[in-house]
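Welcome, and thanks for taking a look at this chain. Please keep the sequence and the 3D view side by side as you read the briefing below.

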Amino acid sequence: MQSRNPLPCVTTAMMVLAMVVAGQAGGLAAPASAQEAAGTDVAQLGIFDRLRGGGRRGGNCMDPSASSDQDVRRNSAAISNARLCVTQDSVTDGGLTWRFTIVSSRARGPVWYMPHDDETQAFDAAIYAVARYGGRLVAVDGNERRQYRGIDGNRHFARDRSAAARCGMRGPSTNYTRFVMGQFRGQRHVLSIHNNTRGGGVSVNMRSAKNTGFRARGRFSDPDHLVFIAGKQPIASSREGQTWRDRLLRAGLNVVYEHVTPRNNDCSMSNYVALNDGRPYFNIEAVHGSRIQKGMVDALMAMLGYRPR
């Protein structure tokens, strides 16, 4: 039921928007409490996109067919048909300005992060996920290259000098890390999506002190298609890790479990989440050029309890 007096909603929304703008100016995400205070009234006022991932000045949705991002242009029909909103955002960290493409649904749902801009099928699958399950995709806009100005966006999560030094980074990436992780405020899970190389180093056959693979049966059993999960304990002593592994295997998805410690931390997103966040992390990996990743998205969403919107 709508309020008889809309002014309180407008006032609340404007206060939240001011907090968000102030947070973005410092490279920070809006506090979860501010977003929650506005609730659905903010979405009804038409400023949902400004609160849910930044965007162009004024929060205007961009025409996907005219986007400078060729991934967006390729998916322009799917984006338009699902009435998704394309915006852009940026954050400056250590003298480097990171640019992001953000594709949002007005329906609440999971958030996906893509640190590599050369993974075509992963981007397409993420657009499919947002259109079908709500939420948003936050993707590094790196001119279709894996490296962003010589930096791997998935090896750049370090908020202090100690962690950065272990990974060989010149210094901490405080603003970048806060910006990306701030996108997951209020989310139950941290999700990422990637493509890998056929027969390369990423496979369910991985066996090392850090990575242990578990093979599933069925449609997604190809060893190069898998889901990464991560934890601070070895899989043999991690009840949570075993539970997620078993649920993924029952869903027909190959699993690689990362046992993350401060010593083997590689400053990837999965390692950062395991050491500093604690929420369940899932990264869907599929081979470049494959058509199976959308099906893997559906399998993971069903397992996590997300329903099509």
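How many of the five residues of strand E10 (residues 255–259) are buried? Five of the five are, so strand E10 is mostly covered. Please bear in mind that this is a predicted model.

- E8 and E10 run antiparallel and are joined by four bridges.
- Within that pairing, Glu258 of E10 has Asn211 standing opposite.
- E9 and E10, by contrast in direction, run parallel, and five bridges join them.
- His259 in E10 is the bridge partner of Gly231.
- Together, E9, helix H10 (residues 239–250) and E10 build a β-α-β unit that is right-handed.

- Strand E1 (residues 85–93) and strand E2 (residues 96–104) run antiparallel, with nine bridges between them.

**Aromatic rings**

- The model has eight aromatic pairs.
- One of them joins Phe100 and Tyr176, which are stacked with 6.4 Å from centre to centre and 25° between the planes.
- Phe100 belongs to strand E2 and Tyr176 to helix H9 (residues 174–182), so this pair ties together parts that are 76 residues apart in sequence.
- Are these two residues buried or exposed? Both Phe100 and Tyr176 are buried.
- Ring pairs also link a cluster made of Trp98, Phe100, Tyr113, Tyr148, Phe157, Tyr176, Phe179 and Tyr272.

**Charges over rings**

- Arg188 lies over the face of Tyr306, 4.8 Å from the ring centre.
- Phe214 has Arg245 over its face, at 4.9 Å from the ring centre.

**Salt bridges**

- How many salt bridges does the model hold? The count comes to 12.
- Asp124 and Arg74 form one of them, and their closest N and O atoms are 2.7 Å apart.
- This pair links distant parts of the chain, since Asp124 is in helix H7 (residues 120–133) and Arg74 is in helix H5 (residues 70–74), 50 residues apart.
- Asp124 is buried, at a relative accessible area of 17%, while Arg74 is partly exposed, at 38%.
- A network of salt bridges links Asp71, Arg74 and Asp124.
- Asp298 and Arg132 also meet through their side chains in a salt bridge, at 3.3 Å from N to O.
- Here too the pair links distant parts of the chain, with Asp298 in helix H12 (residues 293–304) and Arg132 in helix H7, 166 residues apart.
- Asp298 is partly exposed, with a relative accessible area of 21%, and Arg132 is partly exposed as well, with 35%.
- Another salt bridge brings together the side chains of Asp224 and Arg198, at 2.9 Å from N to O.
- Asp224 lies in the loop between strand E8 (211–214) and strand E9 (226–231), and Arg198 lies in the loop between strand E7 (190–196) and E8, so the pair ties together parts that are 26 residues apart in sequence.
- Asp224 counts as buried at 5% relative accessibility, whereas Arg198 counts as partly exposed at 48%.

**Helix H7**

- Helix H7 holds 14 residues and spans 20 Å from its first C-alpha to its last, close to the 20 Å expected at 1.5 Å a residue.
- Which residues of H7 are buried? They are Ala122, Phe123, Asp124, Ala125, Ala126, Ile127, Ala129, Val130 and Tyr133.
- Gly134 follows H7 and has a positive phi, near 80°.

Technical notes. Residues are numbered from 1 along each chain as its sequence is written. This is a predicted model: local features need pLDDT of at least 70, side-chain atom pairs count only at pLDDT 80 or more; totals for chains, interfaces and linings use all residues. Side-chain values use heavy atoms; hydrogens and water are left out. Two strands pair if DSSP finds at least two bridges between them. Helices (H or I, at least four residues) and strands (E, at least two) are DSSP runs, numbered from the N terminus. Rings of Phe, Tyr and Trp (its six-membered ring) pair if their centres lie within 6.5 Å; planes under 30 degrees apart count as stacked, over 60 as edge-to-face and the rest as tilted. Buried means under 20% relative accessible area, exposed over 50%, partly exposed in between (1.4 Å probe, protein chains only). A charge sits over a ring if NZ of Lys or CZ of Arg is within 6 Å of the ring centre and within 35 degrees of the ring normal. A salt bridge is a side-chain nitrogen of Lys or Arg within 4 Å of a carboxyl oxygen of Asp or Glu. The expected span of a helix is 1.5 Å times one less than its number of residues. A crossover is right-handed if, with the strands pointing away from the viewer, the path from the first strand over the helix to the second runs clockwise.
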